[in-house]
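Biologist: Please take a close look at one part of this model for me. I want the surface patches and the spaces inside or along the protein, with the cut-offs spelled out.

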Amino acid sequence: MKKYLLTIVFLSTIHIGISQNFTFTVFGEPQICWMTPDTEDSENGGGKIGINAGLNFDNFFAQNYAFSTGISINKVFGKITYFYDRDIESRDGTYQLDSSGTVEYNLQYIDVPIGLKFKTIEIGYTKFFAHLGLNASVNLKAVGDFPGYENLNISEDMKWYNIGYYFGGGVEYSLGGSTALVAGLTYRNGFIDVTKEKRNKVTTGNFSLRVGILF
């Protein structure tokens, strides 16, 4: 299933890339990320620093309006403290997490956003933009640290996909021609539970600073 989805993502980005009314941005995004449970018997252990980097494609259907997509590798971190005994599923077995134990998650996803971008007219050398949409993710790697264990592969304990939304904005500063420096802020939040633990729902979120070059 993962292979089929990645093939669809690749073909979609190529389709947009051959359009004549498109731009693409190479970007990196330092981000503060977190994981949030929805029950009182577990809690968020605080934010951690992650990174997202990749390509973004904008296909303009009007002068200042574009369909936006792309592909990136997103490293997401988070901490969850569970106030009950639970099993952690790993590829090589099942491990016991005692009550009040904290799991530090290190997750890696391929992200594919699908949304809209809105730009202002150029003011001097500057354009402002806003973007919003949905974000689909495929899990590539899941590692967990908890009492007694470090760097444990916990892919069996995590769902292989994630879906969420995003919105944000920023600025483009022209370097001449179609090339520009890009900086902006984006907020993302997940819709679905990223773990297979049935007792609570854990979603991911992040707030990122985008820095990139538009071509």
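Modeller: A patch is built from residues with over 30% relative accessible area and no salt bridge, with like charges joined within 9 Å and nonpolar side chains (Val, Leu, Ile, Met, Phe, Trp, Tyr) within 5 Å. A salt bridge puts a side-chain nitrogen of Lys or Arg within 4 Å of a carboxyl oxygen of Asp or Glu. Accessible areas use the Shrake-Rupley method with a 1.4 Å probe, and for residues only the protein chains shown count as cover.

This is a predicted model, where local features need pLDDT of at least 70 and side-chain atom pairs pLDDT 80 or more, while totals for chains, interfaces and linings use all residues. Residues are numbered from 1 along each chain as its sequence is written, and side-chain values use heavy atoms, without hydrogens or water.

Start on the surface. Val26, Leu55, Tyr125, Tyr173, Leu175, Leu181, Ile213 and Phe215 make up a nonpolar patch. Together they have about 730 Å² of accessible area. Take Tyr173 from that group. Tyr173 sits in strand 10, residues 161-176 (strands are DSSP runs of E, at least two residues, numbered from the N terminus). Its relative accessible area is 42%, so Tyr173 is partly exposed (buried is under 20%, exposed over 50%, partly exposed in between).

Now the spaces. On a 1 Å grid over the protein atoms alone, a cavity is a set of points where a 1.4 Å probe fits but cannot get out; a pocket is an open set with protein on both sides within 12 Å along at least five of seven lines; lining residues have an atom within 4 Å of a point. Volume is the space filled by probe spheres set on the points, which are joined across faces, edges and corners.

The largest pocket has a volume of about 250 Å³. It is lined by 17 residues, and Lys119, Lys127, Glu172, Ser178 and Leu214 are the closest to its centre. Strand 10 gives the most to this lining, three residues. Strand 11 (179-190) also supplies at least two. By class, the pocket lining has five nonpolar, eight polar and four charged residues (nonpolar: Ala, Val, Leu, Ile, Met, Phe, Trp, Tyr, Cys, Pro; charged: Asp, Glu, Lys, Arg; polar: the others, Gly among them).

The whole structure holds three cavities of 30 Å³ or more. The largest cavity has a volume of about 140 Å³. Its lining counts 16 residues, with Asn135, Ser137, Asn162, Arg188 and Thr204 nearest the centre. Strand 4 (65-82), strand 7 (101-119), strand 8 (126-146), strand 10, strand 11 and strand 12 (202-214) each give two or more residues to that lining. Strand 10 has the largest share, four residues. The lining of the largest cavity splits into four nonpolar, ten polar and two charged residues.

The second largest cavity has a volume of about 120 Å³. Of its 15 lining residues, Asn56, Pro113, Asn135, Arg188 and Arg210 are the closest to the centre. Strand 3 (48-62), strand 4, strand 7 and strand 8 each give two or more residues here. Strand 4 has the largest share, four residues. The lining of the second largest cavity has five nonpolar, seven polar and three charged residues.

Key:
Buried < 20%, exposed > 50% of the residue type's maximum accessible area, 1.4 Å probe, protein only.
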